[in-house]
Amino acid sequence: MPVKGVRIEPAAGKLGVLLPGIGAVSTTFIAGVEAVKKGLAKPIGSLTQMGTIRLGKRTEHRVPAIKGFVPLASLEDLVFGGWDIYPEDAYHAAINAGVLDPSLLEAVRPELKKIRPWPAVFDQHYVKRLRGSHVKKAKNKMDLAEQLRDDIEIFRKKHRLSRLVMVWTGSTESFQTPKPVHQTVAGFEKGLAKNDPAIAPSMIYAYAAIQAGIPYANGAPNLSADIPALTRLAGDRGVPICGKDFKTGQTLLKTVLAPGLKSRLLGLSGWFSTNILGNRDGEVLEDPGSFKTKEASKLSALEHILQPKLYPDLYSNFTHQVRINYYPPRGDNKEGWDNIDIFGWLGYPMQIKVNFLCRDSILAAPLVLDLVLFLDLANRCGMKGIQEWFSFYFKSPMCAPDLYPEHDLFIQLMKLKNTLRYLRGEEQITHLGLEYYD
Ligand SMILES: NC(=O)c1ccc[n+]([C@@H]2O[C@H](COP(=O)([O-])OP(=O)(O)OC[C@H]3O[C@@H](n4cnc5c(N)ncnc54)[C@H](O)[C@@H]3O)[C@@H](O)[C@H]2O)c1
């Protein structure tokens, strides 16, 4: 099958990275990029920086680095900016987050100190545990969106940026389901002007970005760009969007283990997941509204991977529970326990125990980097609306309304790599391989 690939604009000039939320994840990401640029550390966990892609037949031995295969912005061309409800610069925010060693932060201190967050669009109704003074004031939400646009334009001009992307790294907002105001672009804009309470701050950032032609990713589980009004607007404005909720830690392992159990047709009677976490994210998740948002996101993966309707004898009756406990002594170093009750041949029960002592922001930072670079690539390829091929990065991947999301990590990775092959006009890899035995 002849394949041609897609016309891709070159990654020329500077790429602005807009981050609503200058907290643990975003400062670990920024500090990490600066440290990598100085040769102080390696970008471990980042597909764009360390990943390879096989092309053609296995006998061809063509396995380039992904960053050489598709034209990605270079780390040297990234310029960071962001908003927060606290005025501290990124250096102080990183010290407070307590993720990275002070010696590493010292080495990138000048770069981090330059990043002073702009006043945020914030509504305490959506994040009950936080109280910040560094927030915008306006007569209505449309005016707030315009103020965000002004911040972006000033940033664009000051750094002579040729392109921008936005990744929501702000706190998890309270749970809500789509309301009438979220259904159409016109209704949403009317809602902005009328201060509709169902329009959350993250939606105002997403709206400002999409209107300005800037790709948007949501790293948190709350409803944001995944409403019909904003997915439609993204399509109309030709802007790629994706989300939501970075797939790190416990859910990452869940989406590795569950496909493995299903591959062997081992049954599941229960999966109990609990965590202790002591960072600000953990504190925000103490609020039942924010926790409900996270819980819904964490619970969704198993059902979709195991497909109980197709495998009623194996998966129709399992109990799935997720707990998160705020426990300050651990800071960002989360500990997660999973107890998995499975059954095998003739229904005989077995158990699996997983104890993951992870570091939340260390796992999330490379995902932010990949999303920034891939979203910018998608934009330069003319891709618009929901980018399902970024499901690899999310706990609750966005997809077309009539589809179910793909949660299996390995299918997600195959989809991502096949999309890269498609963009460059390389053959899709099916793993059939019969030709090797002709
Ligand atoms: N670290 C992970 O592994 C992981 C995984 C999945 C999702 N997430 C999500 O990523 C987000 C960031 O996590 P974190 O650990 O950096 O949290 P954090 O609390 O350290 O940082 C979030 C920052 O957002 C700010 N903020 C809140 N509302 C804002 C608004 N409206 N505008 C601008 N800033 C705002 C807060 O003041 C805070 O500084 C959270 O929503 C979290 O649930 C993190």
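The dialogue below walks through how to read several features of this predicted model.

Q: What should be kept in mind about numbering and confidence?
A: Residues are numbered from 1 along each chain as its sequence is written. The model is predicted, with local features requiring pLDDT of at least 70 and side-chain atom pairs counted only at pLDDT 80 or more, whereas totals for chains, interfaces and linings use all residues.

Q: How is the protein chain divided into domains?
A: Domain bounds come from an automatic or database domain assignment. Here the assignment gives domain 1 (14-246 + 361-423) and domain 2 (250-357), and the centres of the two, taken over C-alpha atoms, are separated by 26 Å. Two residues are in contact if their C-beta atoms, placed from the backbone, lie within 7 Å; by that criterion 26 residues of domain 1 are in contact with 26 residues of domain 2. On the side of domain 1 that touches domain 2, the residues divide into 11 nonpolar, nine polar and six charged, where Ala, Val, Leu, Ile, Met, Phe, Trp, Tyr, Cys and Pro count as nonpolar, Asp, Glu, Lys and Arg as charged, and the others, Gly among them, as polar.

Q: In what order do the seven strands of the open sheet stand?
A: Two strands pair if DSSP finds at least two bridges between them. The order in this sheet is S3-S2-S1-S4-S5-S6-S11, with parallel pairing. Its edge strands, strand S3 (118-119) and strand S11 (385-386), each pair on one side only. S5 and S6 pair in the parallel sense over three bridges, and Ala217 stands opposite Cys242 in S6. Angles run from 0 to 180 degrees between N-to-C directions, with axes that are lines fitted to C-alpha atoms, for helices over the stretch in contact; H15 lies across S1, S4, S5 and S6, running at about 130° to S4.

Q: Why is helix H9 (residues 201-211) described as largely enclosed?
A: A residue is buried if 20 or more other C-beta atoms lie within 10 Å of its own, exposed if 12 or fewer, and partly exposed in between, with C-beta atoms placed from the backbone. Because 10 of the 11 residues of H9 are buried, the helix is largely enclosed by the rest of the structure. The buried residues include Met203, Ile204 and Tyr205, and what covers them includes strand S1 (14-20), helix H7 (141-158), strand S4 (161-168), strand S5 (216-218), helix H10 (228-237) and strand S6 (240-243).

Q: How do the strands of the open sheet of four strands pair?
A: The order is S8-S7-S9-S10, with mixed pairing. Strand S8 (319-326) and S10 stand at the edges with a single partner strand each, so one side of each is left without a neighbour in the sheet. The twist averages 10° from one strand to the next. S9 and S10 run antiparallel and are joined by nine bridges; in S10, Phe356 is the bridge partner of Gly336, and Asn355 that of Trp337. The count of buried residues among the nine residues of S10 is zero.

Q: Which backbone angles deserve a second look?
A: Most residues other than glycine have a negative phi, and most peptide bonds are trans. Leu346, in the turn of the hairpin that S9 and S10 form with five residues between them, has a positive phi of about 65°, and counts as exposed because it has 5 C-beta neighbours inside 10 Å. His61, in the loop between helix H2 (47-50) and helix H3 (66-69), has a positive phi near 55°, and with 9 C-beta neighbours inside 10 Å it counts as exposed. A cis peptide bond, with omega about -5°, joins Gly243 and Lys244, and Lys244 is placed in the loop between S6 and helix H11 (249-263).

Technical notes: Helices (H or I, at least four residues) and strands (E, at least two) are DSSP runs, numbered from the N terminus.
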